[in-house]
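Please consult the sequence and the model shown here.

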Amino acid sequence: MAVEARNIIPRMGYGTWGRLGDEGVEAMLAALGVGYRHLDTAQGYGTEPMVGEALRRSGLSRHEVFVTTKIDPDNYRPGKLAPSLRRSLDQLGVDMVDLTLLHWPSPRGELPLAVYLDQLVAAHQAGLTRLIGVSNFTIALLDEAERRLGPGRIATNQIELNPLFKNDKVAAECRRRGILVTCYLPIAHGSLAGNPRLEAIGARHGASVEQVALAWELAKGYAAIPTSSRRERIASNFAATRLHLPPDDIAAIDALADGPRGIAPDWGPAWDA
Ligand SMILES: NC(=O)c1ccc[n+]([C@@H]2O[C@H](COP(=O)([O-])OP(=O)(O)OC[C@H]3O[C@@H](n4cnc5c(N)ncnc54)[C@H](OP(=O)(O)O)[C@@H]3O)[C@@H](O)[C@H]2O)c1
């Protein structure tokens, strides 16, 4: 499944965290209008209804837009995951979502992985989702999941990753296992401006630092899911798909020092780095 997943998950997606209400729907329509064909939502974002409305109003057919949702850890207890995903499908107005992720490992490791992973597999087998994957999984958790499922079943691991937080250890492990890395916070929440190396690379290519970051992620073979509430940024971020950085720029970004992780709840897993 991993090889198939690499081909069918659009590498540039539009993140929908914070895109609530009518403004959220308009932002998603703007994203679809400039070419995004992947919307990333989650049960915990409250944006599934907005994604559903944007899909309906876009004029695009269902198979043209790849939809990812994520199961909230509150829905990991036995018997809860599939009904929660059915509610997500209702909100999205679709029969099947393209990709369903476990949003986080069970907070503080409260539930054994098998309890919720097996429910995700059952939801896949029941036809509620085309692909399955994980988010915020560490190497140890990926290993445990693949020991349980066998290789090639986990389509992606969605993790924090950008030029100033490269998450190298888990990204390398994903590559080794054929699991697509999907980068969240791919433009470091808009905080890349002023980084001298990114600015210099951007200046050489007539590109913004955000475009440089996204182009670097795509060049590494990752997917990226930036968000913006503003039309011009929605468009300029997507235009990074047309920016092809030469190997020396890629290497220069690879060599940037990492800053701190942006999202690290105290109930999260024991990160690899
Ligand atoms: N799996 C997980 O646990 C997880 C965690 C976090 C996020 N995510 C997903 O990843 C998506 C993206 O993450 P994120 O929203 O936290 O961070 P992000 O995409 O790195 O950054 C979004 C922020 O950057 C600003 N921005 C966007 N484009 C810009 C540009 N061209 N120039 C300057 N600033 C720009 C936006 O402000 P404006 O709106 O003002 O443009 C917004 O505040 C989320 O929407 C969500 O779908 C997943």
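The sections below treat the basis of the model, the ligand site and the cysteines in turn.

## Basis of the model

This is a predicted model, in which local features need pLDDT of at least 70 and side-chain atom pairs count only at pLDDT 80 or more, while totals for chains, interfaces and linings use all residues. Residues are numbered from 1 along each chain as its sequence is written, and side-chain values use heavy atoms, with hydrogens and water left out.

## Ligand site

Polar contacts here are pairs of N or O atoms within 3.5 Å. A polar side-chain atom of Ser135 lies 2.8 Å from a nitrogen atom of the ligand, and an N or O atom in the side chain of Gln158 is 2.9 Å from a ligand nitrogen atom. Thr227 contributes a backbone N or O atom, 3.1 Å from an oxygen atom of the ligand. Taken alone, the ligand exposes 910 Å², and the protein buries 88% of that (Shrake-Rupley method, 1.4 Å probe).

## Cysteines

A search of the whole structure finds zero disulfides, a disulfide being a pair of cysteine sulfur atoms within 2.5 Å. Cys174 is in no disulfide, and the nearest cysteine sulfur, that of Cys183, is 10 Å away. Cys174 is buried, with a relative accessible area of 0% (buried means under 20%, with a 1.4 Å probe and protein chains only). Cys183 is likewise buried, with a relative accessible area of 0%.

How values were computed:
A polar contact is a pair of N or O atoms within 3.5 Å; within protein, one must be able to donate a hydrogen and the other to accept it, and residues adjacent in sequence count only if both atoms are side-chain atoms. Buried means under 20% relative accessible area, exposed over 50%, partly exposed in between (1.4 Å probe, protein chains only).
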